[in-house]
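Biologist: I would like to learn how to read the features of a two-chain model, one at a time. Please give the general idea before each case.

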Amino acid sequence: MKEDIHMSGDAYLIAAYAVVWAGLFAYLAYIVFRIRSVRTELAAVEELVREQNEKKEM
Amino acid sequence: MALANRETNVVQQGANIGTRRTGDLPIASLVLGILSFIGMMVSIWAIFLYAPTDAIEGDPQRIFYFHLPTAILGMLAFGIVALGGIVYIWKKDERWDWVARAAAELGTVFITFALITGSIWGRTTWGTWWTWDARLTTTLILWFIYVAYLMLRSYMGRTPSSARAGAVLAIIGVIDVPIIYESVNWWRTLHPQQVITIGSEPQLPPQMLLALMISFVTFTLLFSFLMVQLYSLEKMQTLAQRLRASVE
């Protein structure tokens, strides 16, 4: 009976660390995804602005 | 003419960021990332191999080494949100608003981890996932304040009025942080009291204290690393929005 209690305690310990690790990795991946998409968007809009400015100068 | 100047300025800013973009991660970010990774490895060793097993709670007590740093940083992050808000209102410098937004997002993540790990730890020691204890309840209130802040900022967009409204919410909301800290002293709670208090001896054995300190330093490094990433993200998003507006 005592062993069962300890085993379930270990399971909770593993669950707690798994949640934090999985959560941290997922969050890091989400940040990387957001940085990549905003860089792509920024490059596209910069190009658009440059084109527009060239047209104005012409 | 003013419009043209403004547009040129925006394009110039875009060009600057574009140039910086090619340099990829700034050196501070890289150093923080590497230190966080090394710290995480050392923390795992300290938590699972170096720190002794608690005589009463057994192994589940080791949840404490992640729970406490995430909780403290989650609370400190709201202090940064409020500070960012105050300085923004005072100086009207949008960089402080970016700091506040970044800290709010990160604080939400950290306080969520603290609530989840605390709930799991509570299940093993108290036999329940949740109880309306003063410390737990005030921390949950902070989580709701964070969510309210993020929803407000998301709804109002990247405007000066959004930054002001966010700053006001943060200044009012930060009152909850000292209440969380003192809740275990002010009320009779199930949650244990502070194990390390200023001006008194720590209530932990030295090995446990060292493992906790290593974990705390590691999470602080990780927090700083993520703050740098989120700050640059906020900066780029604001610039992208401005450039888009100048084209439309």
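**Reading the model**

Modeller: In chain B, 46% of the 248 residues are buried. Keep in mind that this is a predicted model.

Biologist: Among contacts in chain B between residues at least 6 apart in sequence, what share joins residues at least 24 apart?

Modeller: That share is 76%. As for the surface, chain B exposes about 12,500 Å², and 69% of this comes from carbon and sulfur atoms.

Biologist: Now the interface. How is its size given?

Modeller: The size is often stated as the accessible area that is lost when the parts come together. Between chain A and chain B, the buried area is about 3,400 Å², with carbon and sulfur atoms giving 74%. On the side of chain A, the residues that lose the most area to chain B are A:Y12, A:Y17 and A:Y27, which together account for 19% of what that side buries.

Biologist: How many residues does each chain bring to the contact?

Modeller: Chain A brings 29 residues and chain B brings 43 residues.

Biologist: How many salt bridges and polar contacts run between the chains?

Modeller: For salt bridges between chain A and chain B, the count is two. One salt bridge joins the side chains of A:R34 and B:E105, at 2.7 Å from N to O. Four residue pairs between chain A and chain B are in polar contact, both residues being at pLDDT 80 or more. The side of chain A that touches chain B is made up of 19 nonpolar, four polar and six charged residues.

Biologist: How many salt bridges are there over all chains?

Modeller: The count over all chains is ten. The cut-off for a salt bridge is 4 Å from a side-chain nitrogen of Lys or Arg to a carboxyl oxygen of Asp or Glu, so a pair at 3.9 Å still counts. One case is A:R50 with A:E46, at 3.9 Å from N to O.

Biologist: Why are A:R50 and A:E46 separated by about one helical turn?

Modeller: Because A:R50 and A:E46 lie four residues apart in helix α1 (residues 2–57) of chain A. A:R50 also forms a salt bridge with A:E47, the closest N and O atoms being 3.9 Å apart. A:E47 and A:R50 are three residues apart in helix α1 of chain A, which again means about one helical turn between them.

Biologist: Are these residues buried or exposed?

Modeller: A:E46 counts as buried because its relative accessibility is 8%, under the 20% limit. A:R50, at 36% relative accessibility, is partly exposed, and A:E47, with a relative accessible area of 41%, is partly exposed too.

Biologist: Which residues do salt bridges with shared partners join into one network?

Modeller: A:E46, A:E47 and A:R50 form that network.

Terms used:
Residues are numbered from 1 along each chain as its sequence is written. Chains are lettered from A and ligands numbered from 1 in the order in which they are written. This is a predicted model: local features need pLDDT of at least 70, side-chain atom pairs count only at pLDDT 80 or more; totals for chains, interfaces and linings use all residues. Side-chain values use heavy atoms; hydrogens and water are left out. Contact means heavy atoms within 4.5 Å. Buried area is the accessible area (1.4 Å probe) that two parts lose on being put together, summed over both. A polar contact is a pair of N or O atoms within 3.5 Å; within protein, one must be able to donate a hydrogen and the other to accept it, and residues adjacent in sequence count only if both atoms are side-chain atoms. Ala, Val, Leu, Ile, Met, Phe, Trp, Tyr, Cys and Pro count as nonpolar, Asp, Glu, Lys and Arg as charged, and the others, Gly among them, as polar. Buried means under 20% relative accessible area, exposed over 50%, partly exposed in between (1.4 Å probe, protein chains only). Accessible areas come from the Shrake-Rupley method with a 1.4 Å probe; for residues, only the protein chains shown count as cover. Helices (H or I, at least four residues) and strands (E, at least two) are DSSP runs, numbered from the N terminus.
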